[in-house]
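The following note sets out several points for a first reading of the structure. Please keep the sequence and the model in view while working through them.

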Amino acid sequence: MPAAGPVADTLRKIIHVDMDAFFASVEQRDDPTLRGKPVAVGGGSGRGVVAAASYEARVFGVRSAMPSATARRLCPDLIFCKTRFDVYHEVSQQIRAIFARFTDLIEPLSLDEAYLDVTRNHLGIASATTIAREIRRLIAEQTQLTASAGVSYNKFLAKLASDQNKPDGLCIIKPGEGAAFVAALPVRRFHGIGPRGAEKMTRLGVETGADLATKDVDWLRTNFGSFGDYLFNAARGIDHRSVRAHRERKSIGGERTFNTDLHAPDDLRDMLESIIDIVWTRIAEKSAKGRTITLKLKYNDFQLMTRARSLSVPVTGREQFTEVARALLAEQLPLPRPIRLMGLTLSALGEVPEPEPMERPRAEQLRLL
């Protein structure tokens, strides 16, 4: 069996595999009456949040992390299914076992996507494209689900490629083609650039990879800080990161920026419940265990406040996570002024707790990662 160690960037063969509408597709697989219909996985109540949406639902604009009430307005015929993380985890393990036939260099990003470095693979197959096709075939055969894959010479390009021909697609970006491929894309497709980042770039006259490539690194650093170095490389299809088989995750969280600043306690509590839905979905998806829960608030003057509570043992369930999150918010009410953003994070993942103290000071501030 050939060794699977790191090699030079120019020689790497990277595959990014991304399951198509994973949670919703599992529900449609297991219940044939849902096939071809708009399906959302998550809480269907007024305070619920969409964890995943089928492609039939996405046609109406339904997206993950969207409030369920909004999703219902967009798609009145939307069918909600409760999350079944035990099933999703079991299917994910099947998929990981398929990856492991080809390489040990597997970097999972979530239950439904992962990077694979197949430069030196167990079967000695020279073509990464051949491996990607075989992986997709085996996934369809063993799980009755579809996966999209991107093949390229670095992680950034492989991830872009996997999204290019979804669903059930394959895209290859060969050496020498990266810069041209990136030039044609809107910058909102770049990993790490959210809606607000894309809006800022539009204001600065940057809408495509080609526009971004005209900016020098000093201009990018001036306008985007340390993120400017990433943008400079991304615009040229450059990414030196290796596939890390045992990547240590420091935190899991989520946040929401509001269209209208919030101040009323009832509105803040309702918003917290929706964020709890978003974050706990991610925690359960990754089977994460952590001890520190952090509440993040950004006031309308952009001042940031964080409050954290650390437990003596890892959080064991959603009820406990919810109880601590509610307590953290309650301790801050009434707020001195309206907020424009709220977030929650679970951190201290996998850490061994100190026997004392049972709880850290309430005012301790932790950086959200």
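Predicted model: local features only at pLDDT ≥ 70, side-chain atom pairs only at ≥ 80, totals over all residues.

Which residue in S6 is the bridge partner of His16? The partner is Tyr115.

1. **The pairing around strand S6.** S1 and S6 run antiparallel and are joined by 5 bridges. S6 also pairs with S5, again in the antiparallel sense, over 4 bridges. Tyr115 takes part here too, as the bridge partner of Glu107. Between S5 and S6 there are 2 residues, and the two strands form a hairpin. As background, strands of a sheet pair through backbone hydrogen bonds, either parallel or antiparallel.

2. **The open sheet.** These strands belong to an open sheet of 5 strands with mixed pairing, in the order S5-S6-S1-S7-S8. Strand S5 (106-110) and strand S8 (170-172) stand at the edges; each has a single partner strand, so one side of each is left without a neighbour in the sheet. On average, neighbouring strands of this sheet are turned by 15° against each other, direction ignored. Ala149, for instance, has Leu170 in S8 as its bridge partner.

3. **Helices packed on the sheet.** Helix H4 (residues 85-100) packs on the sheet and touches strand S1 (14-19), S5 and strand S6 (113-117). The direction of H4 makes about 160° with that of S5. Helix H6 (residues 155-162) also packs on the sheet, where it touches S1, S5, S6, S7 and S8. The direction of H6 makes about 145° with that of S7.

4. How many of the residues of S6 are buried? The count is 5 of 5, and the strand is mostly covered. In a regular strand the side chains alternate between the two faces of the sheet. In S6, Glu113, Tyr115 and Asp117 lie on one side and Ala114 and Leu116 on the other, and both faces are covered. H6 is likewise mostly covered, with 8 of its 8 residues buried; among them are Lys155, Phe156 and Lys159. At the start of H6, a side-chain oxygen of Asn154 comes within 3.2 Å of the backbone nitrogen of Phe156.

5. In soluble globular proteins, nonpolar side chains tend to be buried together. Here the largest nonpolar core has 34 residues, and those with the most contacts inside it include Ile15, Phe23, Leu116 and Ile139. At least two residues each are supplied by S1, helix H1 (22-30), strand S3 (50-53), H4, S6, H5 and S7. H4 gives the largest share of this core, 7 residues. Another core, of 30 residues, lies apart from it and includes Tyr299, Leu311, Val315 and Phe321.

6. **The end of helix H5.** Thr143 lies in helix H5 (residues 128-143). Is Thr143 buried or exposed? Its relative accessibility is 0%, and therefore Thr143 counts as buried. A polar atom of its side chain lies 2.6 Å from the backbone oxygen of Ile139. Beyond its neighbours within four places in sequence, Thr143 is in contact with Arg29, Val91, Gln94 and Ile95. Gln144, by contrast, is exposed, with a relative accessible area of 53%. Gln144 is located in the loop between H5 and S7, and has a positive phi of about 60° although it is not a glycine.

7. **The loop between H6 and S8.** Pro167 is found in this loop, and a cis peptide bond joins it to Lys166, with omega at about -5°. Asp168 is placed in the loop between H6 and S8 as well. Asp168 is not a glycine, yet its phi is positive, at about 55°. With 45% relative accessibility, Asp168 counts as partly exposed.

8. **Strand S12 and its surroundings.** Strand S12 (residues 339-347) is largely enclosed by the rest of the structure, because 9 of its 9 residues are buried. S12 runs antiparallel to strand S10 (residues 292-299), and 8 bridges join the two. One of the pairs is Leu297 with Met342 in S12. In the loop between helix H13 (318-330) and S12 lies Pro334, which a cis peptide bond joins to Leu333.

Terms used: Residues numbered from 1 in each chain as written. Heavy atoms only, no water. Buried < 20%, exposed > 50% of the residue type's maximum accessible area, 1.4 Å probe, protein only. Polar contact = N/O pair within 3.5 Å; in protein donor to acceptor, adjacent residues only side chain to side chain. Contact = heavy atoms within 4.5 Å. Pairing = 2+ DSSP bridges. Axes fitted to C-alpha atoms, helices over the stretch in contact; angles between N-to-C directions. Core = buried A, V, L, I, M, F, W, Y, C linked by side-chain atoms within 4.5 Å.
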